[in-house]
Amino acid sequence: MNPVKRRATLEAVRVALGIDDVQCQAVEVDSGVPAQPVGDEQTLAGARNRAEAARLIAPEADLCVGLEGGVIERDGTLECLAWVVVLGTAPTGEPIRGESRTATFVLPTEIASLVRAGVELGAATDEVFGGTDTKKSTGTVGPLTGGVIDRVAYYAHATVLALVPFRNAGLSFPAYPGHQPTLESVG
């Protein structure tokens, strides 16, 4: 239900697939991971779970998109990242899945220390920069880049990349065994 994730998805579908008249229904689903995912695998699992849960809620949808932001420890630093998962169906009826990860960036010590202490990234960003609910607007990337990149652009770029199998439906892409949407995987 985050408006940033919705806008990023709409922008990505518009530019990647050339569809201007997109109907988008945001649904509230549980990610199945902590509110602040830590690590690549946990963040990817959250995005997969969100996309799969959305597919169960709206099976008639052409695309179901799950976006999950997280942090990852690397070489003593804490970096911000997000995963995007897109589920759909080919004209042949076969399931299509696209997955992509955003670029990463190092968090300043002031934010990283709060996150390591258990504060969610958005709240830590608000505390350090004096913002309010930045996770639903600029995100952490906004103030850190001086507004050059905001959270919509940050997510939209990865969403475009996750749409590659949909844009190139005539090509073969690897399957993701064990991650097809089922009631058991999100229940």
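R14 pairs with E11 in a salt bridge, their closest N and O atoms 2.8 Å apart. A salt bridge here is a side-chain nitrogen of Lys or Arg within 4 Å of a carboxyl oxygen of Asp or Glu. R14 and E11 both sit in helix α1 (residues 3–17), 3 residues apart, which is about one turn of the helix. Helices (H or I, at least four residues) and strands (E, at least two) are DSSP runs, numbered from the N terminus.

R14 is partly exposed at 36% relative accessible area. E11 is partly exposed too, at 31%. Buried means under 20% relative accessible area, exposed means over 50%, and partly exposed lies in between (1.4 Å probe, protein chains only).

This is a predicted model: local features need pLDDT of at least 70, side-chain atom pairs count only at pLDDT 80 or more, and totals for chains, interfaces and linings use all residues. Residues are numbered from 1 along each chain as its sequence is written, and side-chain values use heavy atoms, with hydrogens and water left out.

## Other salt bridges

The whole structure holds 10 salt bridges. Side chains of opposite charge can pair when their charged atoms come close. One of these bridges joins E68 and R50, at 2.5 Å from N to O. The pair links distant parts of the chain: E68 belongs to strand β1 (residues 63–74), R50 to helix α2 (residues 40–57), and 18 residues separate them. E68 is buried, with 3% relative accessible area. R50 is partly exposed, at 21%.

D75 and R74 form another salt bridge, with the closest N and O atoms 3.3 Å apart. D75 is exposed at 70% relative accessibility, while R74 is partly exposed at 44%.

## Nonpolar core

The largest nonpolar core contains 44 residues. Such a core is a set of buried Ala, Val, Leu, Ile, Met, Phe, Trp, Tyr and Cys residues joined through side-chain atoms within 4.5 Å. The residues with the most contacts inside this core are L107, V115, L121, Y154, Y155 and L163. Two or more core residues come from each of α1, α2, β1, β2 (77–89), α3 (109–116), α4 (121–129) and α6 (151–162). Strand β2 gives the largest share, 9 residues. In soluble globular proteins, nonpolar side chains tend to be buried together.

Which residues does L121 contact beyond its neighbours within four places in sequence? The set is Q36, V71, C80, L107, I111, V115 and T140. Contact means heavy atoms within 4.5 Å.

## Nonpolar surface patch

L161, V164, L171 and F173 make a nonpolar surface patch of about 330 Å². Patches are made of residues with over 30% relative accessible area and no salt bridge; like charges are joined within 9 Å, and nonpolar side chains (Val, Leu, Ile, Met, Phe, Trp, Tyr) within 5 Å. Accessible areas come from the Shrake-Rupley method with a 1.4 Å probe; for residues, only the protein chains shown count as cover.

F173 lies in the loop between α7 (164–167) and α8 (183–186). F173 is partly exposed, at 37% relative accessibility.

## Loop residues

D75 sits in the loop between β1 and β2. Its phi is near 50°, a positive value in a residue other than glycine. D133 also has a positive phi, about 55°, although it is not a glycine. D133 is in the loop between α4 and α5 (141–144). D133 is partly exposed, at 36% relative accessibility.

A58 lies in the loop between α2 and β1. A58 is buried, with 7% relative accessible area. Not counting residues up to four places away in sequence, A58 touches Q25 and C64. The C-alpha atoms of A58 and Q25 are 8.8 Å apart, and the two residues are 33 residues apart along the chain.

## Confidence

Mean pLDDT of the protein chain is 91, and 94% of its residues reach 70 or more. pLDDT is the predictor's confidence in each residue, from 0 to 100. Over residues 179–187, pLDDT stays under 50. The model has 19 contacts beyond four places in sequence for residues 179–187. Where pLDDT is low, the predicted coordinates should not be read in detail.
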